[in-house]
Amino acid sequence: MEQESVSLNSSHGASATAERPHTHEMVVVHRVFRRESALLPRLVRAVPDGDRARAVRVAAALRDYTLGLHHHHHAEDELIWPLLRARAAHDEALVERMTEQHEAIDRTLAAVTEWLPLWERSGDRISGEELALALDAHRIALLDHLDEEERSVLPLIAEHLTVPEWELVGQRGLEGLPKNKRLLALGAILEEATPEESAFFLGKAPLLGRLLWQAVGRRQYAAYCRTMRAPLDGE
């Protein structure tokens, strides 16, 4: 889905005045990966045998998901783990486990990447099932990682990182997304956010970003979800 280009970066977010990093925002972002990793294998399996047009559309959504996850993890690898190794030496084994889990997730995505172009070209049910099975395995590894990260790592981040260091993580992850995908990414975050969480994320956006979301982004995201998830209705 084509999106209006918009930067959602802002140095005046709610967490900028906090004494410690507002790590709950990562919990909200993780909801997106949990939801999409569950939807994607269902979407693949719902494609009729040989429907290449639908396979291409689902493949595009899958690539958006893997791109977003890649940039999310790359920001952690670059900006969080080195600081925790330096400042929380007694938790070095935990940080090492986070790194190993990222590598394990990358291996599951390698299997996804292997099957994706084969299925995208044909839309056939056999390669689609192989792709869906690879996505199922990916989700298992991902959920184990997200659960432990939220339970054990976010408290360390709140203790050992400064607010500017934490905000840089989110900025770096966002910078890796194409500008025409950023309203879509915002919609994905806001879909299951509470009113307070929505206010926090919208508050981090510049005025132009908020106006674009209200004017076009909200409707575009709703239309995108209806189009993508329609085959799952009635399952």
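## A covered helix

Keep in mind that this is a predicted model. Start with helix 7, which spans residues 182–190 and is mostly covered, with 8 of its 9 residues buried. The buried ones are R182, L183, L184, L186, G187, A188, I189 and L190.

So what does the covering?

## Charged pairs

Side chains of opposite charge can pair when their charged atoms come close. How many salt bridges does the structure hold? The count is 18.

Take a look at R35. This arginine counts as buried because its relative accessibility is 11%, and the cut-off for buried is under 20%. R35 meets E36 in a salt bridge at 3.0 Å, N to O. R35 also forms a salt bridge with E191, where the closest N and O atoms are 3.3 Å apart. E191 sits in the loop between helix 7 and helix 8 while R35 belongs to helix 1, so this pair ties together parts 156 residues apart in sequence.

Another bridge joins the side chains of E129 and R45, at 3.0 Å from N to O. Here too distant parts of the chain are linked: E129 is in helix 5 (residues 125–160) and R45 in helix 1, 84 residues apart. Both ends are partly exposed, E129 with a relative accessible area of 32% and R45 at 33% relative accessibility. Back at R35, salt bridges with shared partners join R35, E36, E191, E192 and R229 into one network.

## Helix 2 against helix 4

Two packed helices are described by the angle between their axes and the distance between the axes. For helix 2 and helix 4 (residues 92–122), the angle is about 160° and the axes are 10 Å apart. The two are therefore roughly antiparallel, and helix 2 passes helix 4 in a left-handed crossing.

Which residues make the contact? From helix 2 they include A55, V58, L62, T66, L69 and H73, and from helix 4 they include H102, I105, L109, V112, L116 and W119. By type, the contact residues divide into 11 nonpolar, 4 polar and 6 charged. Among the contact residues are R52, R63, E76 and D77 of helix 2, along with E120 and R121 of helix 4.

Terms used: Residues numbered from 1 in each chain as written. Predicted model: local features only at pLDDT ≥ 70, side-chain atom pairs only at ≥ 80, totals over all residues. Heavy atoms only, no water. Buried < 20%, exposed > 50% of the residue type's maximum accessible area, 1.4 Å probe, protein only. Helix = DSSP H or I, 4+ residues; strand = E, 2+ residues; numbered from the N terminus. Salt bridge = Lys/Arg side-chain N within 4 Å of Asp/Glu carboxyl O. Axes fitted to C-alpha atoms, helices over the stretch in contact; angles between N-to-C directions. Parallel < 35°, antiparallel > 145°, perpendicular 65-115°, else oblique. Left-handed = near helix turned anticlockwise from the far one by under 90°. Contact = heavy atoms within 4.5 Å. Nonpolar A, V, L, I, M, F, W, Y, C, P; charged D, E, K, R; others polar.
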